[in-house]
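The sequence and the coordinates are shown first.

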Amino acid sequence: MSSWNERQRIVASEGAELAVFEYGQDPAADTPTLLLVHGYPDDHRVYLQLIRELAETFHIIAYDTRNAGSSSVTDKPGSFVLPALVDDLYAVLAATHASPVHLVGHDWGSIQAWAAVQDPRADGRINRFTSVSGPDLGHFSWWMRQRLRHPRGWAQLLGQLLRSWYVAVFQIPMLPEALWRFFLTGSYERATRRTVGDNAIRGLALYRANFQAKRQPPLQVSIPVRVIVPVMDRFVSPSLTDGLGNWVSRLTVTKVEAGHWWPATHASDFAKLLQEEHNNEL
């Protein structure tokens, strides 16, 4: 079997059917497994170059999150709250019989992965987490409150609010759909050199479902966590890692000279980092 050979299946989760893809080595006790979770407005294809780099060594699982790519919601209009997304992740783990896994998340994939590693089901099933450009929402809420309380933090708070301007725009009915349909999709696809189809419009529900609830402080995370910080990220402030060590006991922060889509634009660098982490565990 070719290490690149793609195996696809559909996995049922509550209210959704998830397109799940496996690559690389067959599952085995001595073969490390990566679970890759993409962000907005992408699908699993944002990781294809990374997968090509790692397929000789790893068993790799990727999936299109609910209503992105080839996945769908079965209950209209569907639930997109964070607990439903976490249930999807664990449905994928159950269907692929994969554990323990090194969880990798980018953008919204990282946001839901943060919630997943704080879930009781993570015990024995997720042994490491790599986060890129997607904060834990509980920590994000705490970070914002801390900056608001102290004048010295106001500049950082303003900087992040300016980076997050689109979140407010996405709450407006119909306007963001029109912007993506007539203007933004083409420019995004030309800039990234990959197609996203209607992922952007379908994924607006993520923003509309998850930014109203009051957030509790994050739970303690004991597994090793590496946070990749692209210092030229237009959407996530590098200072959002401040205070993260209060919740994550085995935290490593790695800054990279790149923008938000570092996993796609610097796939070889990302692959080397993941390979080094695996080698250090042996």
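Asp88 counts as buried because its relative accessibility is 1%; buried means under 20% relative accessible area, exposed means over 50% and partly exposed lies in between, with a 1.4 Å probe and protein chains only. The model is predicted, so local features need pLDDT of at least 70 and side-chain atom pairs count only at pLDDT 80 or more, while totals for chains, interfaces and linings use all residues. Residues are numbered from 1 along each chain as its sequence is written, and side-chain values use heavy atoms, with hydrogens and water left out.

Asp88 sits in helix H2, residues 82–96. Helices (H or I, at least four residues) and strands (E, at least two) are DSSP runs, numbered from the N terminus. Not counting residues up to four places away in sequence, Asp88 touches Ser13, Ala16, Leu18, Tyr63 and Arg66, where contact means heavy atoms within 4.5 Å.

H2 also supplies the largest nonpolar core, as follows. That core has 84 residues, and those with the most contacts inside it are Leu35, Leu36, Leu50, Leu89, Leu103 and Ile126. The largest share of this core, 8 residues, comes from H2. A nonpolar core is a set of buried Ala, Val, Leu, Ile, Met, Phe, Trp, Tyr and Cys residues joined through side-chain atoms within 4.5 Å. Leu50 touches Leu36, Ala267, Phe270, Ala271 and Leu274, residues up to four places away in sequence not being counted.

**Strands around E2**

Two strands pair if DSSP finds at least two bridges between them.

| Partner of E2 | Sense | Bridges |
|---|---|---|
| E1 (residues 7–13) | antiparallel | 7 bridges |
| E4 (residues 59–63) | antiparallel | 5 bridges |
| E5 (residues 72–73) | antiparallel | 2 bridges |

Arg9 stands opposite Val20 in E2, Tyr23 has Ile60 of E4 as its bridge partner, and Ala16 has Val73 of E5. The hairpin of E1 and E2 has 2 residues between the strands, and Gly15 takes a positive phi near 80° there.

Thr65 lies in the loop between E4 and E5. Its relative accessibility is 8%, so Thr65 counts as buried. Leaving aside neighbours within four places in sequence, Thr65 is in contact with Leu18, Val37, His38, Ser71 and Gln112.

His106 lies in strand E6, residues 101–106. With 1% relative accessibility, His106 counts as buried. Apart from neighbours within four places in sequence, His106 is in contact with Val37, His38, Gly39, Tyr47, Val132, Ser133, His260, Trp261 and Pro263. The C-alpha atoms of His106 and Pro230 are separated by 11 Å, although the two residues are 124 residues apart along the chain.

**Helix H4**

Helix H4 runs over residues 137–149; at 1.5 Å a residue its 13 residues should span 18 Å, and the end C-alpha atoms are 19 Å apart, which agrees. The expected span of a helix is 1.5 Å times one less than its number of residues. Asp136 caps the N-terminal end of H4, with a side-chain oxygen 3.0 Å from the backbone nitrogen of Gly138.

The buried residues of H4 are Leu137, Gly138, His139, Phe140, Ser141, Trp142, Trp143, Gln146 and Arg147. What covers them includes H2, helix H3 (108–117), helix H5 (154–163) and helix H9 (204–210).

**Aromatic pairs**

Rings of Phe, Tyr and Trp (its six-membered ring) pair if their centres lie within 6.5 Å; planes under 30 degrees apart count as stacked, over 60 as edge-to-face and the rest as tilted. By this rule the count comes to 17 aromatic pairs. Trp108 and Tyr207 have ring centres 5.6 Å apart and planes at 85°, so the pair is edge-to-face. This pair links distant parts of the chain, with Trp108 in H3 and Tyr207 in H9, 99 residues apart. Both Trp108 and Tyr207 are buried.

The rings of Trp142 and Trp247 have centres 5.9 Å apart and planes at 90°, so this pair is edge-to-face. Trp142 belongs to H4, and Trp247 to the loop between strand E8 (225–230) and strand E9 (251–256), 105 residues apart. Trp142 and Trp247 are buried.

Ring pairs also link a cluster whose members include Tyr40, Trp108, Trp165, Tyr207 and Trp261.

Notes. Polar contact = N/O pair within 3.5 Å; in protein donor to acceptor, adjacent residues only side chain to side chain.
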